[in-house]
Amino acid sequence: MSDNIADLKEQLVVTGRSILDRGLVAGTWGNISVRIAESGNIAITPSGCDYHALSAQDIVIVNNIGIKEEGELIPSSEMPLHLAIYAVRSDIQAIIHTHSIFASACAVAHCAIPPMIEDLVQIVGGGVEVAEYALPGTDELAKNTVIALADRQAVLMANHGLVGCAKTLREALMVVELVEKAAQIFMYANMLGGPKLLNKEDVAIMRRFFVEQYQLRQGGRT
Ligand SMILES: [Zn+2]
């Protein structure tokens with residue numbers, strides 16, 4: 001196993017503990033994956049994983065059509081969703097799916113989070129839309145989610161939860177945390193007469209600034 005794969009598996013374990021400890025999921029819910037640059041394979045958390053008991057050898061590696069390449073356990077039941085996003089978004093290398101409370105409240109109300117606060121639009125590239133409902137783990141859910149995600153970095157799944165995507169696991173964790181915060185702000189703003197939205201041009205400027213700064217931090221343009 002290459003050092004890079006061992007490192008990615010360790011990052012998945014650490015991120016799993018983070019989403020549990022930060023209250024973004026309860027119990028064994030949610031799932032996390034990362035794309036392995038060398039092979040295009042996906043390293044993903046196993047089905048029903050206990051994040052505190054999870055170790056690097058529990059991580060499952062599948063190819064880009066979901067055939068298992070490595071690991072004893074069954075991959076997450078939301079694997080089709082992860083694969084569908086990677087298939088159409090070459091810019092995305094890490095995905096985190098959570099069931100955090102305020103984002104889920106928006107998801108059950110089928111209420112998109114509008115582009116209303118600067119950190120959200122910088123990291124997501126706009127507001128957060130709601131994908132049409134489909135049963136968990138199905139190809140239909142994967143398809144609906146890809147459509148609603150479009151070219152942004154986060155999407156709500158109706159009556160279910162949140163998906164955050166990024167170039168790294170660290171950034172994907174920031175996405176799901178910032179969307180959860182934005183969902184909470186959105187609800188409070190609605191109690192004060194509703195949020196005033198950012199305009200499209202300013203959203204585009206802020207997103208571009210964030211991406212360029214991120215690329216600089218990564219050591220160059222990609
Ligand atoms: Zn879920």
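Predicted model: local features only at pLDDT ≥ 70, side-chain atom pairs only at ≥ 80, totals over all residues.
Student: Which residues of α5 are buried?
Tutor: In α5, residues 139-149, they are Leu-141, Ala-142, Asn-144, Thr-145, Val-146, Ala-148 and Leu-149. Buried means under 20% relative accessible area, exposed over 50%, and partly exposed in between, with a 1.4 Å probe and protein chains only.

Student: And what do those buried residues pack against?
Tutor: They pack against α2 (79-88), β6 (130-131), β7 (154-157) and β8 (161-166), with contact meaning heavy atoms within 4.5 Å.

Student: Which way do the residues of β7 point?
Tutor: Ala-154 and Leu-156 point one way, Val-155 and Met-157 the other, and all are buried. In a regular strand the side chains alternate between the two faces of the sheet.

Student: In what sense do β6 and β7 pair, parallel or antiparallel?
Tutor: Parallel, over 2 bridges; two strands pair if DSSP finds at least two bridges between them. Val-130 stands opposite Leu-156 in β7.

Student: What about β7 and β8?
Tutor: That pairing is antiparallel, over 4 bridges, and Ala-154 stands opposite Gly-164 in β8. The two strands form a hairpin with 3 residues between them. Asn-159, in the turn, has a positive phi of about 55 degrees.

Student: Switching to the zinc ion: which protein donors does it have?
Tutor: His-97, His-99 and His-160, each through NE2, lying 2.0 Å from the ion. Donors are N, O and S atoms within 2.8 Å of the metal (3.2 Å for Na, K and Ca); water is not among the atoms, so sites may look incomplete.

Student: How are the donor residues spaced in sequence?
Tutor: The spacing is H-x1-H-x60-H. His-99 and His-160 link distant parts of the chain, 61 residues apart. His-99 is in the loop between β5 (94-98) and α3 (101-108), and His-160 in the loop between β7 and β8.

Student: Is His-160 buried or exposed?
Tutor: His-160 is buried, with a relative accessible area of 16%. His-99 is partly exposed, at 24%.

Methods
Residues numbered from 1 in each chain as written. Heavy atoms only, no water.
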